[in-house]
Amino acid sequence: MHIRGEGEGEGEGEGEMQTLRQLTPYVKEALQQTLRVTKFFCFLHVTNTYICTFAWGMGPSMLPTINLYGNLLLAERISTRLGKVGPGDVVLVRSPENPRQIVTKRVKGGEGDSVTYLVNPKNSDEEKTVIVPKGHVWIEGDNKYNTKDSRKFGPIPYALLQGRVFCVLWPPEDFKSIGKDIQ
Amino acid sequence: MATPNFLFGLAKKCFTVGLINLTVSDRYVSLIAIRGSSMSPTFNPHEKKSAAFFMDDYALVEKFCLEKYKFSSGDVVVFRSPSNHKQKNVKRITALPGDWVNISSSHDVVMIPEGHCWVEGDNPACSMDSRSFGPIPLGLVCGRVTHVLWPPHRVGKVDRKVTAERFSF
């Protein structure tokens with residue numbers, strides 16, 4: 001309303017104002033759409049970081065729980081955040097050797113537990129026992145002959161855990177839920 | 001009655017703002033309060049222990065560095081404490097994978113393993129850092145401190161500082 005009052009005198013100004021006024025609904029619409037898309041992405045991000053996430057697990061280290069050729073896994077983030085992850089859980093871990101990589105392993109011991117492990121399962125029966133320090137966890141692969149885990153790099157800080165795997169989704173013949181498995 | 005509708009709208013708005021806020025602080029930038037004197041004189045240079053929250057320094061943390069985990073020595077980073085996953089610490093990276101570190105207390109020289117870094121506070125007198133818990137995995141890092149935002153008279157960039165004598169042995 002105010003704009004019209006100002007532009008009344010000059011013809012050119014009025015024309016510009018007119019086009020502006022015509023454009024206003026489109027600009028509004030565009031802004032609304034952008035906001036909607038932003039909200040959607042934010043919602044996705046929050047669900048993915050705080051509630052649950054998908055992960056693609058592959059490789060020989062978690063045989064027979066996870067396939068050699070790749071499985072789509074479903075992992076939840078709540079129990080890692082609350083500190084409820086204990087021995088037997090399959091977890092997603094940010095690799096201590098390469099922070100860009102996320103690996104799947106099984107927790108064998110929480111803080112204060114003593115863990116006995118085979119130093120070199122391929123060649124000898126030599127066993128070692130360690131006590132997991134405060135705030136750390138001991139992780140191992142299910143396939144102990146072909147895995148890089150705490151036997152190589154020692155206990156890892158709990159903060160590196162990214163989620164607890166509770167379900168294998170794909171391929172359909174492998175569909176199962178994964179729970180605690182203490183050997 | 002328009003009140004329930006109004007309340008519903010308000011709740012929805014709060015929810016949206018919360019979502020956007022959380023996303024931005026997770027992925028792009030966030031704000032943290034820095035407590036304690038382990039990083040003095042970079043942060044909290046005053047000597048007295050202050051209880052009031054407005055006496056702490058507030059700093060801007062950028063998260064873009066988490067895409068590639070590329071850091072250089074001298075960066076001030078926020079990382080989760082290796083002994084307590086709920087606690088975050090602010091320290092300066094002094095050595096990266098492949099570097100050699102001279103531990104002054106025991107005269108040992110340690111090589112930083114792959115994917116780890118060595119963090120130290122600027123105030124060696126009272127700082128819990130790699131000198132007590134060893135090198136930490138880079139995966140614990142959750143942001144790089146770039147600017148001081150509060151108090152007003154010290155607003156500015158946080159410098160990258162390299163202490164050269166660490167590497168000589």
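Residues are numbered from 1 along each chain as its sequence is written, and chains are lettered from A, with ligands numbered from 1, in the order in which they are written. In this predicted model, local features need pLDDT of at least 70 and side-chain atom pairs count only at pLDDT 80 or more, while totals for chains, interfaces and linings use all residues; side-chain values use heavy atoms, with hydrogens and water left out.

In the unreviewed UniProt entry, the feature "active site" is placed at B:Ser38 and B:Lys91. These residues span 54 residues in sequence, yet no two of their C-alpha atoms are more than 8.1 Å apart, so they gather at one spot. UniProt positions are given in the numbering used here, with feature names shortened, and annotations may be inferred rather than shown by experiment.

B:Ser38 lies in the loop between strand 1 (29-34) and strand 2 (57-62) of chain B, whereas B:Lys91 belongs to strand 4 (residues 84-95) of chain B. Strands (E, at least two residues) and helices (H or I, at least four) are DSSP runs, numbered from the N terminus. B:Ser38 is buried, with a relative accessible area of 15%, and B:Lys91 is also buried, at 4% relative accessibility. Buried means under 20% relative accessible area, exposed over 50%, and partly exposed in between (1.4 Å probe, protein chains only).

Contact denotes heavy atoms within 4.5 Å. When residues up to four places away in sequence are not counted, B:Ser38 touches residues including B:Val90, B:Lys91, B:Gly121 and B:Ser127. With neighbours within four places left aside, the contacts of B:Lys91 include B:Ser38, B:Asp75, B:Gly121 and B:Ser127. The side chains of B:Lys91 and B:Ser38 make a polar contact (3.4 Å). A polar contact is a pair of N or O atoms within 3.5 Å; within protein, one must be able to donate a hydrogen and the other to accept it, and residues adjacent in sequence count only if both atoms are side-chain atoms.

Between the chains, 23 residues of chain A are in contact with 22 residues of chain B. The buried area (the accessible area, 1.4 Å probe, that two parts lose on being put together, summed over both) is about 2000 Å², of which carbon and sulfur atoms give 68%. Across this interface, 8 residue pairs are in polar contact, both residues at pLDDT 80 or more. On the side of chain A that touches chain B, helix 2 (11-51) and helix 3 (78-82) of chain A are the elements that give two or more residues. The largest share, 7 residues, comes from helix 2 of chain A.
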